[in-house]
Amino acid sequence: MTTEATQHAREDFAEQGRTVMKFRAAGVRIVTGTDTGQTRFWIGYFNHLDLESFVALGMTPAQAIVAATRDAAGIAQVNSGMVAAGKNADFIVLDANPLENISNTRRIYKVYLRGQEVDRGALKTKWQAAANRAAK
């Protein structure tokens, strides 16, 4: 990018931040979604970038996490309630606190779907083997 283009991008981002914070002050819920249209990256990659952008725009890490989880699920009407005895959940366990640094959402230790731990190592091996076969 040229210096001029970089400066223009910074100004656009700053304006976007001011607009987002005005919306939030007016009570508008800002949420994330998987609407990037990108196909070059793993699903979920841009969700991390969205969280980081929300914080850069002026939200606290806690506000960004609420926007990406509770508020987004509420708008999509996929949130069936709180975790309780006899229920199961999809969730991740992180290696570091995202409230200290929002990019810590990338430091995933374990993943659980419907209450069962996902064997990420086995999935990685399976996907790499498939990619290797496709490359031949």
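**Exercise 1. Find what share of the contacts joins residues 24 or more positions apart.**

Step 1: Start with the term: two residues are in contact when heavy atoms lie within 4.5 Å. Step 2: Take the contacts with a separation of 6 or more; residues 24 or more positions apart account for 46% of them.

Before going on, note that this is a predicted model, where local features need pLDDT of at least 70 and side-chain atom pairs count only at pLDDT 80 or more, while totals for chains, interfaces and linings use all residues. Residues are numbered from 1 along each chain as its sequence is written, and side-chain values use heavy atoms, with hydrogens and water left out.

**Exercise 2. List the elements and describe how the strands are arranged.**

Step 1: Helices (H or I, at least four residues) and strands (E, at least two) are DSSP runs, numbered from the N terminus. The protein has four helices and three strands, and their order from the N terminus is α-α-α-β-β-β-α.

Step 2: Strands pair if DSSP finds at least two bridges between them. The three strands make an open, antiparallel sheet in the order β1-β2-β3. β1 (91-94) and β3 (116-117) are at the edges with a single partner strand each, so one side of each has no neighbour in the sheet.

Step 3: Look at one pairing. β2 (residues 108-113) and β3 are joined antiparallel over two bridges, and Leu-113 stands opposite Gln-116 in β3.

**Exercise 3. Find the aromatic pair and say whether each partner is buried or partly exposed.**

Step 1: Rings of Phe, Tyr and Trp (its six-membered ring) pair if their centres lie within 6.5 Å; planes under 30 degrees apart are stacked, over 60 edge-to-face, and the rest tilted. This rule gives one aromatic pair. Phe-91 and Tyr-112 are stacked, at 4.7 Å centre to centre and 10 degrees between the planes. The partners are 21 residues apart, Phe-91 in strand β1 and Tyr-112 in strand β2.

Step 2: Buried means under 20% relative accessible area, exposed over 50%, and partly exposed in between (1.4 Å probe, protein chains only). Phe-91, at 38%, is partly exposed, whereas Tyr-112, at 18%, is buried.
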